[in-house]
Amino acid sequence: MSLLRRASTSLSQSLGFARRSLKSLKFAGESLDSSASPALIHGIHVFHCPDELGIVAKLSDCIASRGGNILGADIFVPENKQVFYSRSDFVFDPAKWPRVKMEEDFLKLSKTFNAMRSVVRVPALDPKYKIAVLASKQDHCLVDLLHSWQDGRLPVDITCIISNHNRGPNTHVTRFLERHGIPYHYLHTTTGNKREAEILDLVQNTDFLVLARYMQVLSGSFLSSYGKDVINIHHGLLPSFKGGNPSRQAFDAGVKLIGATSHFVTEELDSGPIIEQMVERVSHRDNLQSFIQKSENLEKQCLAKAIKSYCELRVLPYEESKTVVF
């Protein structure tokens, strides 16, 4: 009986420790103040380096030696490529592992393995990503992004909206932007003048750009000058239905599957590395309105997920035109 009592006591103590640990765990947006116990907060680390023995052990030791604990890890080693990819979610006590020291530790690890990429992010401590959104006349993706930002579902700060469409002062978008103090820049474009120099001036302090159905092609010169990632969304009706009113073309053709693709922007039109894709079935029961509604919903969801994945360090470049998405 004494053995059973000791086992019961040990189990109770373990459960009590687990409950205290869960209570002390802090994620982005939560207060770090805790009078009861040290506040553990969430960190993310991504790693891309030449493959060799011992990488996982060293990564684990780097975190554990500072009192951190890995909650989950994704690893990808492509066959016959001799490269290593990983993404680790971990918790740590910032009092024991200061943010600056964490950066130094991962930098040392990066040098040890000649890493091509080593990024650490602590959402509760690090600034949110700053983005600018470029949009044309269609509102569905822009409006969805604005409301997702307002609700805290996208971990970004929107610095401005840039558009080649002049929205009047009484539109839903304009009123929303005015309420939240987000600048709206209307730049009329022509075939000979895409206003790229002015766009560059407006986006200099951003971390990446989002094209929310922006119906202008950004030049290679613009992409090179900006030098950061640009995320685009387009419907999945390409390349079969090009030109004007592709939804009508696809509806008239009786397609049964529609989709949306979010990808990085490159000089080659709509051919950058893919971040996210979604599909949905349509049928003879759909009319043109429901067909378009389904297509636009896919675009909204696909773009929002791509942005969220990017901010959570889930997207890594793979080879020249692919991505690893954890």
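Some ground rules. Residues are numbered from 1 along each chain as its sequence is written, and side-chain values use heavy atoms, with hydrogens and water left out. Because the model is predicted, local features need pLDDT of at least 70 and side-chain atom pairs count only at pLDDT 80 or more, while totals for chains, interfaces and linings use all residues.

**The overall picture**

The protein has nine helices and 14 strands. Helices here are DSSP runs of H or I with at least four residues, strands are runs of E with at least two, and both are numbered from the N terminus. Of the 326 residues, 42% are buried. "Buried" means under 20% relative accessible area, "exposed" means over 50%, and "partly exposed" is in between (1.4 Å probe, protein chains only). Among contacts (heavy atoms within 4.5 Å) between residues at least 6 apart in sequence, 64% join residues at least 24 apart.

An open sheet of seven strands runs in the order β8-β7-β6-β9-β10-β11-β12, with mixed pairing. Two strands pair if DSSP finds at least two bridges between them. At the edges stand β8 (184–186) and β12 (274–281), each with a single partner strand, so one side of each has no neighbour in the sheet. On average, neighbouring strands of this sheet are turned by 20° against each other, direction ignored. Axes are lines fitted to C-alpha atoms, for helices over the stretch in contact, and angles run from 0 to 180 degrees between N-to-C directions. Within the sheet, β6 and β9 pair in the parallel sense over four bridges, and Ala132 has Leu209 in β9 as its bridge partner.

Helix α4 lies across β6, β7, β9 and β10, and runs at about 155° to β7. How much of helix α4 is buried? Eight of the 11 residues of α4 (residues 140–150) are, so the helix is largely enclosed by the rest of the structure. Among the buried ones are His140, Cys141, Leu142 and Trp149. The cover over them includes β6 (129–135), β7 (156–163), α5 (172–180), β9 (208–211), β10 (230–235) and α9 (288–311). After α4 comes Gly152, which has a positive phi, near 80°.

**The β3/β4 hairpin**

Strand β3 (residues 69–76) pairs with strand β4 (residues 83–92) in the antiparallel sense, over seven bridges. Asn69 stands opposite Val91 in β4. The hairpin has six residues between its strands, and Asn80 there takes a positive phi near 60°.

**Rings and their neighbours**

A search of the whole structure turns up 16 aromatic pairs. Rings of Phe, Tyr and Trp (its six-membered ring) pair if their centres lie within 6.5 Å; planes under 30 degrees apart count as stacked, over 60 as edge-to-face and the rest as tilted. Here are two tilted examples:

| Pair | Centre to centre | Angle between planes |
|---|---|---|
| Phe90 and Phe92 | 5.9 Å | 45° |
| Phe208 and Tyr310 | 4.6 Å | 55° |

The second pair links distant parts of the chain: Phe208 is in strand β9 and Tyr310 in helix α9, 102 residues apart. Both Phe208 and Tyr310 are buried. Phe90 is buried, with a relative accessible area of 0%, and Phe92 is buried with 0% as well. Ring pairs also link Phe90, Phe92, Trp97 and Phe106 into a cluster.

Trp97 also touches Asp105, which has Cys62 and Arg66 among its contacts too, not counting residues up to four places away in sequence. Asp105 sits in helix α3 (residues 99–112) and is buried, with a relative accessible area of 13%.

There's a charge over a ring as well: the charged end of Arg121 sits over the ring of Tyr129, 4.1 Å from its centre. The cut-offs for that are NZ of Lys or CZ of Arg within 6 Å of the ring centre and within 35 degrees of the ring normal.

**A loop residue**

Ala124 lies in the loop between β5 (117–121) and β6. Ala124 is partly exposed, with a relative accessible area of 27%.
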